[in-house]
Amino acid sequence: MRRAALRLVALAALMLSITVFPGCGKTDLREELLGLLREKAGSIESLAFTCQTVDGEKLYLEEFRLLFPDGYRYRFFQVVNGEKVLVRYAAQSGNRVLRAGLDSADPGASLRAELLEDVPPIRGTGIYLSLYHLVGNGDYYYSLISLLEGGSLEVVSREKLDGTDAYRLRSASGLTPQTEMWLESGTGLPVRKELLLEGEREVTFTYRDMAANIPDPLEPFPESAQELNSLFGRPSAPVDITVRDGGCRPAEGWATTAEAGFSPLRPQLQGFGEAGSFWRNPEASNLTASEQSLKFPEGFREFYLLLRDGHRQVEIRQAPLVEDFGYYTSGLGLLSGAYLVQQERFSGEYADVIYTVASNRQEMHLVAGGLEVTVTGDLSREEFEELARILRSSAGGRE
């Protein structure tokens with residue numbers, strides 16, 4: 001039975017020369033693909049690829065270098081007179097993020113950059129792992145599994161797409177906008193994704209030059225204006241660098257528990273070990289303008305816990321549940337214009353736990369021991385449900 005789901009999708013279509021493999025039923029193909037996705041989930045340590053985006057008459061090129069679970073280098077190019085021009089660059093190493101870009105593609109353009117220090121580690125918030133295409137690790141594979149099992153995606157066929165053996169997936173009948181994607185049959189990684197947006201706007205993503213588990217995929221994290229000038233190939237361009245504070249400080253033995261006014265939960269999930277913990281006072285941070293405009297309850301603090309199993313990572317945010325105040329609790333909702341989004345509640349005594357999944361992203365929300373808890377990361381749906389049970393059990397044992 002398909003899970004009850006709230007589904008939102010965004011996609012585009014491009015005519016291609018396709019050869020369909022005959023003889024395999026859709027049910028068999030679906031189980032075959034699910035088996036591949038489960039096998040590959042969490043198996044990729046690093047990934048490099050290029051994404052070409054066609055959006056009407058616009059053409060964009062993006063280059064990705066990913067080192068899971070929390071490192072990347074990203075380049076965004078415009079094509080000007082047939083030449084690639086680097087106009088945006090981003091990098092993340094742990095809880096440090098750099099964003100840089102040119103005012104324009106003109107030769108005399110100036111360069112602006114933001115260095116974000118001590119960012120809060122939770123996905124989908126626009127800062128941490130804030131990449132539109134985040135593929136290759138557990139989150140990517142498990143999100144596709146949930147969308148397939150929940151009925152939001154259907155396996156159409158197995159085909160040759162531009163010479164590549166691929167599974168063709170489509171959004172379920174009745175869902176709008178329409179979605180199609182092709183996954184390489186050996187890895188489950190994307191080959192092409194097509195979106196049809198409002199106003200008949202078509203956007204097509206073509207993924208090229210996929211290389212998994214490559215050694216040393218990341219160049220050094222840029223630390224100076226000189227390094228940024230070198231990256232953009234503009235040695236004389238003026239550089240304006242702004243440093244912002246995300247406010248996440250190492251917990252250091254939980255010494256600030258009394259100051260925060262609550263004792264956080266420290267769940268133990270099989271196979272995972274604690275990789276870091278942080279306290280945060282968002283009112284003292286200048287990370288985003290929207291955050292600075294909020295009126296926080298007096299003494300409000302957040303606690304972040306990282307669990308890690310090899311290159312798989314889970315991020316858990318905890319904060320006191322305050323009536324009529326919700327903050328930092330929704331990331332995927334902001335992505336609904338570009339992702340297929342499916343939402344469900346777990347069964348039985350966990351029916352108030354909300355699990356949301358989109359292509360490349362998963363989130364879970366619950367209340368445990370008077371704390372509002374948000375979880376993101378490289379877990380299967382079953383592991384999210386088990387973690388909800390563990391969190392509730394831990395909270396119950398303290399009450």
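**Pocket and cavities in a predicted model**

**View 1. Strands that line the largest pocket.** At least two lining residues come from each of strand 2 (46–55), strand 3 (58–67), strand 4 (71–80), strand 5 (83–93), strand 6 (96–102), strand 11 and strand 12 (201–212).

**View 2. The largest cavity has a volume of about 90 Å³.** Helix 2 (138–149), strand 10 (179–184) and strand 11 (190–197) are the elements that give two or more residues to the lining of this cavity. The lining consists of Val135, Tyr140, Leu144, Met181, Trp182, Leu183, Pro190, Arg192, Lys193, Tyr207, Ser359 and Asn360. Eight of these residues are nonpolar, two are polar and two are charged. The structure holds three cavities of 30 Å³ or more.

**View 3. The second largest cavity holds about 50 Å³ of space.** Lining this cavity are Phe68, Pro69, Arg123, Leu129, Leu134, Val135, Asn137, Asp139, Tyr140 and Asp378. Six residues of the lining are nonpolar, one is polar and three are charged.

**View 4. Val135 and Tyr140 in the two cavity linings.** Val135 and Tyr140 line the largest cavity, and both are also among the residues that line the second largest cavity.

Conventions:
Residues are numbered from 1 along each chain as its sequence is written. This is a predicted model: local features need pLDDT of at least 70, side-chain atom pairs count only at pLDDT 80 or more; totals for chains, interfaces and linings use all residues. Side-chain values use heavy atoms; hydrogens and water are left out. On a 1 Å grid over the protein atoms alone, a cavity is a set of points where a 1.4 Å probe fits but cannot get out, and a pocket is an open set with protein on both sides within 12 Å along at least five of seven lines; lining residues have an atom within 4 Å of a point. Grid points are joined across faces, edges and corners, and a volume is the space filled by probe spheres set on the points. Helices (H or I, at least four residues) and strands (E, at least two) are DSSP runs, numbered from the N terminus. Ala, Val, Leu, Ile, Met, Phe, Trp, Tyr, Cys and Pro count as nonpolar, Asp, Glu, Lys and Arg as charged, and the others, Gly among them, as polar.
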